[in-house]
Amino acid sequence: MDYNKLAELVFPDISGTISYLEEIFPKRDLKECAYVTRFAPSPTGFMHIGGLYAALISSKLAKQTEGVFYLRIEDTDKKREVEKGVEEIIESLSGYGITFDEGPFENGDKGYGPYKQSGRKEIYQICVKELMRQGYAYPCFCSEDQLDKIRQTQEEKKEAIGYYGNYALCRELSFEEIEEKISLKIPYVVRLKSPGVAGRYISYCDPIRGKIEMPENTLDLVLLKSDGIPTYHFAHVVDDHFMRTNLVVRGDEWMASYPVHKQLFDLCGFKTPSYVHISPIMKMDGAAKRKLSKRKDPEAAVGFYLQQGFPVESIKEYLLTIANSNYEEWHMKNADKTGADFKLSFDKMPVSGALFDMAKLMDVSREIIAGFTVDECARQITNWAEKYEPVLYQFAVSDEEQFKRTISLWKISGKKVRKDVAKWSELMQLFDYLYLPQESFEQAVVYELDDKYTKAQLTEAIEVYKKDLFLNTDNWFDQMKKLGEPLGYCPNMKEYKKNPESYKGSIADLCSIVRVAVTGRKNSPDLYTIMMILGEDNVQKRLDHFLLQLSC
């Protein structure tokens with residue numbers, strides 16, 4: 001077979017060479033230890049939390065070595081592509097503070113583009129033509145029916161499934177046979193003519209998992225589909241070489257593909273980058289672990305966390321605890337630093353599935369929010385509420401200082417920082433009495449007082465309190481004691497505990513009655529401050545509403 005002649009027959013319009021591509025995509029001028037990493041998703045749907053995890057690791061590894069982190073869009077499967085899928089990817093990651101040095105966006109091409117695979121068709125065909133010249137690629141005219149029969153025969157004989165050896169029907173076609181089929185316009189793909197030998201193994205050293213041995217690839221995989229577009233396996237090899245990627249971070253489900261990719265790099269004469277196979281993010285399902293599912297688990301989508309109002313700092317902080325087992329210990333010793341200062345190391349990455357624990361995320365997020373200033377909380381809540389919680393947003397922008405006072409109320413207790421809030425969506429659950437309009441709150445009040453209080457007792461307490469709210473005094477609690485004592489509420493807790501039967505209740509009971517009437521809660525931050533924030537008019541309305549409910 002004259003392979004040069006075959007290459008010209010199959011690719012008559014391709015005149016470029018690999019040498020030419022090496023010139024226009026030169027080696028990057030970086031330090032020897034610098035990583036060039038990439039995030040290479042397909043624009044086929046929402047961003048998975050596992051994608052964010054991989055992007056975070058790739059980004060940090062590049063930045064901590066003064067390398068390059070770029071975005072490549074693998075959009076060769078046009079049937080599955082969604083409208084504005086690329087914009088969704090960029091927006092999702094930028095929402096978590098992950099940005100790219102290069103990519104398919106304005107001012108993103110630094111000489112290694114196009115960064116969308118759909119724009120790199122000629123580059124792939126140049127490389128396939130060169131493989132064909134060397135005798136490592138050939139056109140395959142097998143129909144779907146023929147491939148189905150091959151698969152069926154292999155299943156019946158319990159042999160490995162695939163196009164290889166004697167099952168590779170088009171591998172040994174003569175030039176004349178190929179020329180005739182092309183002249184008849186019979187559709188064809190271009191396959192790899194694998195030089196792999198069954199039973200022969202290759203060795204690979206994964207930075208996380210150590211040395212791994214795998215069978216050499218023997219399959220004649222498709223390199224170019226019938227439309228001239230490459231398959232994933234071939235496209236990523238070509239792209240990673242000419243974009244000068246030297247470190248690929250990907251899920252461990254791709255580990256089985258390493259022999260294929262290694263073989264393709266070698267046959268093309270390219271240097272194989274290092275591959276790091278990270279563990280997938282798992283969740284507990286009963287007593288067993290399983291991967292987070294796009295179909296079953298809302299928390300699989302990165303948009304879920306933005307919608308719930310988790311600060312991006314919380315998500316990144318939590319993912320770092322998954323990425324490196326020593327992160328929490330480092331953070332405790334370096335409380336004045338952030339995750340941006342932490343350097344990832346391969347030997348601390350998990351080998352088995354990383355368990356995603358929502359309770360742990362909530363704890364991490366409470367700590368993060370506790371460390372925010374009131375101004376930072378106000379900024380983040382307002383930005384989040386504008387998109388997801390219009391009632392809260394309206395409150396926040398109508399009076400910024402009043403809004404900050406509410407934040408101080410639930411965030412700080414005396415000199416102690418409270419850790420009640422893990423995500424901004426909890427604000428309307430925990431503190432609706434602060435943020436809901438009066439008419440909406442009245443419909444939402446839930447009374448939780450103990451059965452020990454009679455309707456008459458509750459009515460009497462509220463009616464007396466309503467006459468003089470004394471909200472303009474710094475001695476509200478002392479005034480409450482004076483008001484409660486004639487009603488039978490002991491002003492001294494020690495005395496009340498000695499003789500509880502002598503009173504209707506303690507001063508704490510009276511305050512609890514007022515608290516539930518005003519907030520609908522048995523527990524809340526400082527009641528006096530709440531009433532000052534609400535204002536006398538709203539407090540009176542809530543007391544009236546409480547009395548109305550008692551009379552029903």
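## Overall build

The chain carries 25 helices and 16 strands, where helices (H or I, at least four residues) and strands (E, at least two) are DSSP runs numbered from the N terminus. This is a predicted model, in which local features need pLDDT of at least 70, side-chain atom pairs count only at pLDDT 80 or more, and totals for chains, interfaces and linings use all residues. Residues are numbered from 1 along each chain as its sequence is written, and side-chain values use heavy atoms, with hydrogens and water left out.

What about the overall dimensions? The radius of gyration is 33 Å, while a compact globule of 552 residues would have one near 24 Å; the radius is taken over C-alpha atoms, and the globule rule is 2.2 Å times the number of residues to the power 0.38. Along the principal axes, the C-alpha atoms fill a box of roughly 110 × 50 × 40 Å.

## Surface and contacts

Of the 552 residues, 50% are buried (buried means under 20% relative accessible area, exposed over 50%, partly exposed in between, with a 1.4 Å probe and protein chains only). The accessible surface comes to about 27400 Å², and carbon and sulfur atoms account for 49% of that; areas come from the Shrake-Rupley method with a 1.4 Å probe, and for residues only the protein chains shown count as cover.

Among contacts with a separation of 6 or more, 73% are between residues 24 or more positions apart. A contact here means heavy atoms within 4.5 Å.

## Salt bridges

The count comes to 31 salt bridges, each one a side-chain nitrogen of Lys or Arg within 4 Å of a carboxyl oxygen of Asp or Glu. Take Glu 8 and Lys 129, whose side chains meet at 3.1 Å, N to O. Glu 8 lies in helix 1 (residues 3-10) and Lys 129 in helix 5, so this pair ties together parts that are 121 residues apart in sequence. Glu 8 is partly exposed at 38% relative accessible area, whereas Lys 129 is buried at 1%.

Arg 72 has two partners to look at. Another salt bridge joins Arg 72 to Asp 240 at 2.9 Å, N to O. Asp 240 is in helix 8 too, so that pair ties together parts 168 residues apart in sequence. Asp 240 is buried, as is Arg 72. Through shared partners, salt bridges join Arg 38, Arg 72, Glu 74, Arg 120, Asp 239 and Asp 240 into one network.

## A buried lysine without a partner

Lys 411 belongs to helix 16 (residues 400-411). Lys 411 is buried yet has no salt bridge, and the nearest side chain of opposite charge, Glu 367, is 9.9 Å away. Leaving out residues up to four places away in sequence, Lys 411 touches residues including Ile 369, Phe 372, Val 374, Cys 377 and Arg 418.

A cis peptide bond runs from Gly 113 to Pro 114, with omega near 5°. Pro 114 is in the loop between helix 4 (85-94) and helix 5 (121-133).

Then there are positive phi values outside glycine. Glu 66 has phi near 60° and lies in the loop between helix 3 (49-64) and strand 2 (68-71); with 56% relative accessibility, Glu 66 counts as exposed. Lys 158 has a phi of about 55° and sits in the loop between helix 6 (144-156) and helix 7 (175-183). Lys 158 is also exposed, at 77% relative accessibility.

Definitions and conventions:
Lys, Arg positive; Asp, Glu negative; His and termini not counted.
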